[in-house]
Amino acid sequence: MAETTVAEVMAELAALEDPKARAVNERHGDDHGVNLGKLRALAKRLKTQQELASQLWETDDSAARLLALLICRPKAYGRAELDAMIRGARTPKVHDWLVNYVVKKNPHAEELRLAWLADPDPVVASAGWALTTERVAKRPEGLDLAGLLDTIEADMKDAPDRLQWAMNHCLAQIGIEHPEHRTRAIAIGERLGVLEDYPTPPGCTSPYAPVWIAEMVRRKDG
């Protein structure tokens, strides 16, 4: 499908529009009605097409942007391009997929992590925290974990929702992966009470950091 055009893809996405899927997505802040399983199937059929991905991103349509993130080459983007993309990714799913499927695999990820952590835009800053959480889990060497806990303790309670969620994930990951910081991470979570009352379906783990840490450590310890 090397000759697939943007118009053809947009027509196919329009055909996949489902009012029930849109209703579910809108409850999570997203603005499209395409089932993600069907979107992934379309991406699998299209395979990697960087030029088409760039064109789909430029449509500013959320479903098209999600598809673009599935068919792009993550390492093909420059730092400035990714910075512009994160600032334009205002729906949660597009933002999350951009960070997880593209930025994390890009050679500029560490530079962007540091720049975004200090960004005044809380949505951009949340991307910096997501990249930091990845490093806490997989490449903690060189990170100031105590300093991260200081920042979380000072700023998480009053942070906007998206940023608060990302900081809370980092707090939990520090407690899960680094036993020497676990007691303090749990204490911070208990003191701040962030997401303590978050509605958690049966069988799922609460995002409240003390509970999250305890459950994941229990699983790791077998």
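Predicted model: local features only at pLDDT ≥ 70, side-chain atom pairs only at ≥ 80, totals over all residues.
Residues are numbered from 1 along each chain as its sequence is written. Local features need pLDDT of at least 70, side-chain atom pairs count only at pLDDT 80 or more, totals for linings use all residues, and side-chain values use heavy atoms, without hydrogens and water.

**Exercise 1.** Find which residues make the contact between helix α12 and helix α13.

*Solution.* Start with the two helices (DSSP runs of H or I, at least four residues, numbered from the N terminus). Helix α12 covers residues 182–192 and helix α13 residues 209–220; their axes come within 8 Å and cross at roughly 145°. Such axes are lines fitted to C-alpha atoms over the stretch in contact, with angles from 0 to 180 degrees between N-to-C directions. Next, look for contacts (heavy atoms within 4.5 Å): α12 brings R182, A185, I186, G189 and E190, while α13 brings P210, I213 and V217.

**Exercise 2.** Decide whether T133 is buried or exposed, and list what T133 touches.

*Solution.* First, locate T133 in helix α9, residues 122–138. Then apply the cut-offs: buried is under 20% relative accessible area, exposed over 50%, partly exposed in between, with a 1.4 Å probe and protein chains only. T133 counts as buried because its relative accessibility is 5%. Finally, leaving out residues up to four places away in sequence, T133 touches A166, H169, C170 and Q173.

**Exercise 3.** Work out what follows helix α2.

*Solution.* Go to helix α2, residues 19–27. After α2 comes G29, with a positive phi near 90°.

Methods:
Polar contact = N/O pair within 3.5 Å; in protein donor to acceptor, adjacent residues only side chain to side chain.
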